[in-house]
Amino acid sequence: MDSARSSPDPRYLTGNDPVLIKLLIAGPFAVGKTTLIRAISEIAPLHTEEVMTQAGAFVDNLAEAEHKTTTTVAIDFGRLTLPNNLVLYLFGTPGQRRFRLLWEDIAQGALGALVMVDTRRLDESFEVMDLIEEAGLRYAVAVNAFPQAPTYDLDTLRDHLDLRPDTPLVLCDARSRDQSLDALIALVEHVIAHTHLEPA
Amino acid sequence: MTGGRHSRRLVPAYLATGGRAHPSRNHLDRLTTLHAACEEIPVGLGPEQRGVLELIQPGALPLVDAAAYLRLPVSIVKVLVADLVSAGLLHARPPIPQATGPDIETMEKVLDGLRALKS
Ligand SMILES: Nc1nc2c(ncn2[C@@H]2O[C@H](COP(=O)(O)OP(=O)(O)OP(=O)(O)O)[C@@H](O)[C@H]2O)c(=O)[nH]1
Ligand SMILES: [Mg+2]
């Protein structure tokens with residue numbers, strides 16, 4: 001672990017006990033999760049270093065973290081304050097099944113997930129979509145349009161990704177705040193529509 | 001970690017015992033908000049425990065932000081926080097939408113807030 005001295009100055013919560021809302025920005029390696037979080041977050045994205053055993057269990061004492069064979073996974077996140085005393089937390093979550101416990105911990109209580117895909121490697125997003133469905137979360141899919149990536153029409157993509165007809169599928173340049181906000185809006189609209197349809 | 005009697009203890013004694021039950025840490029979420037519950041930080045705490053209290057003395061932070069600033073894994077901060085709450089040194093407020101997720105009114109407010117941010 002790095003020196004604690006290089007941490008940025010803490011950004012404390014403002015307002016009167018704000019309600020904190022969790023959203024997942026999920027997807028395979030280098031698909032643009034951190035880029036999207038940075039485009040939207042009001043603070044420079046922060047990250048935690050989660051230490052897991054080879055079996056994917058949490059390490060919860062420092063001795064074990066330092067001495068056993070462990071894997072470290074960086075989870076980055078950003079924050080966005082909204083009116084009505086709400087604060088949105090965006091967590092960039094890698095999609096590997098072997099970190100399932102970590103995944104469930106982050107997904108706990110989340111409003112939903114935005115799955116990011118790269119058209120050069122669509123299949124790499126399948127694992128994370130499976131994990132999200134297993135966690136019972138609603139999701140929308142954002143195609144991060146990289147310059148060299150092939151373009152397909154949305155129907156073809158929907159077919160390849162085997163999406164349900166009502167799952168939102170949007171194109172999104174993760175560097176654009178507006179486009180990233182649109183992707184989140186599509187996600188929240190979708191979650192609301194289904195909560196109306198299927199009351200808990 | 002061997003060394004002289006006065007060498008710096010890297011692992012706080014309560015952690016070195018290992019495997020102690022921490023009933024409250026299972027109720028801690030990464031978005032549990034931490035508030036100070038003491039005006040002065042008592043002496044005799046481990047460096048990591050003290051670090052948590054020092055960090056949140058000026059204001060409230062979600063547990064995950066504290067973990068990021070302290071450069072400690074969330075799973076370890078949960079243990080530290082559970083102990084500090086038991087000792088009455090820290091308040092931990094769970095996020096309102098817990099396991100079930102936010103209710104429909106809250107989601108509508110999130111949607112309105114996101115739409116208002118669009119330029
Ligand atoms: N052209 C273009 N480049 C992008 C876009 N989104 C991300 N990138 C670049 O792609 C690279 C990977 O993006 P990241 O945001 O780091 O991806 P990530 O999903 O956080 O990656 P990991 O955390 O390593 O899994 C970076 O060099 C970004 O600058 C995009 O929409 N268009
Ligand atoms: Mg990243």
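A residue is called buried when its relative accessible area is under 20%, exposed when it is over 50%, and partly exposed in between, with a 1.4 Å probe and protein chains only. The model is predicted: local features need pLDDT of at least 70, side-chain atom pairs count only at pLDDT 80 or more, and totals for chains, interfaces and linings use all residues. Residues are numbered from 1 along each chain as its sequence is written, chains are lettered from A and ligands numbered from 1 in the order in which they are written, and side-chain values use heavy atoms, with hydrogens and water left out.

**A helix of chain A and its surroundings**

Helices (H or I, at least four residues) and strands (E, at least two) are DSSP runs, numbered from the N terminus. In helix 3 (residues 100-107) of chain A, the buried residues are A:L102, A:W103, A:D105, A:I106 and A:A107. These buried residues pack against strand 1 (19-27), strand 2 (46-53), strand 3, strand 4 and helix 4 (126-134) of chain A, together with helix 4 of chain B. After helix 3 of chain A comes A:G109, with a positive phi near 75°.

Strand 1 of chain A contains A:L23. This residue, A:L23, counts as buried because its relative accessibility is 0%. Although A:L23 and A:I106 are 83 residues apart along the chain, their C-alpha atoms are separated by 9.2 Å. Contact means heavy atoms within 4.5 Å. Apart from neighbours within four places in sequence, the contacts of A:L23 include A:Y89, A:F91, A:L111 and A:L187.

**Aromatic rings**

A pair of aromatic rings is described by the distance of the centres and the angle of the planes. Rings of Phe, Tyr and Trp (its six-membered ring) pair if their centres lie within 6.5 Å; planes under 30 degrees apart count as stacked, over 60 as edge-to-face and the rest as tilted. Over all chains, the structure holds three aromatic pairs. Two pairs are set out below.

| Pair | Centre to centre | Angle of planes | Class |
|---|---|---|---|
| A:F77 and A:F91 | 5.6 Å | 35° | tilted |
| A:Y89 and A:F91 | 6.2 Å | 25° | stacked |

A:F77 lies in strand 3 (residues 70-82) and A:F91 in strand 4 (residues 86-94) of chain A, so their pair ties together parts that are 14 residues apart in sequence. Both A:F77 and A:F91 are buried, and A:Y89 is buried with a relative accessible area of 0%. One aromatic cluster is formed by A:F77, A:Y89 and A:F91.

**The interface of chain B and chain A**

At this interface, 52 residues of chain B are in contact with 61 residues of chain A. Buried area is the accessible area (1.4 Å probe) that two parts lose on being put together, summed over both. The two chains bury about 4900 Å² between them, 66% of it on carbon and sulfur atoms. Within chain B, the residues that lose the most area to chain A are B:R30, B:Y69 and B:R71, together 17% of what that side buries.

A salt bridge is a side-chain nitrogen of Lys or Arg within 4 Å of a carboxyl oxygen of Asp or Glu. The rule finds eight salt bridges across the interface of chain B and chain A. A:D17 and B:R93 form a salt bridge, with their closest N and O atoms 3.4 Å apart.
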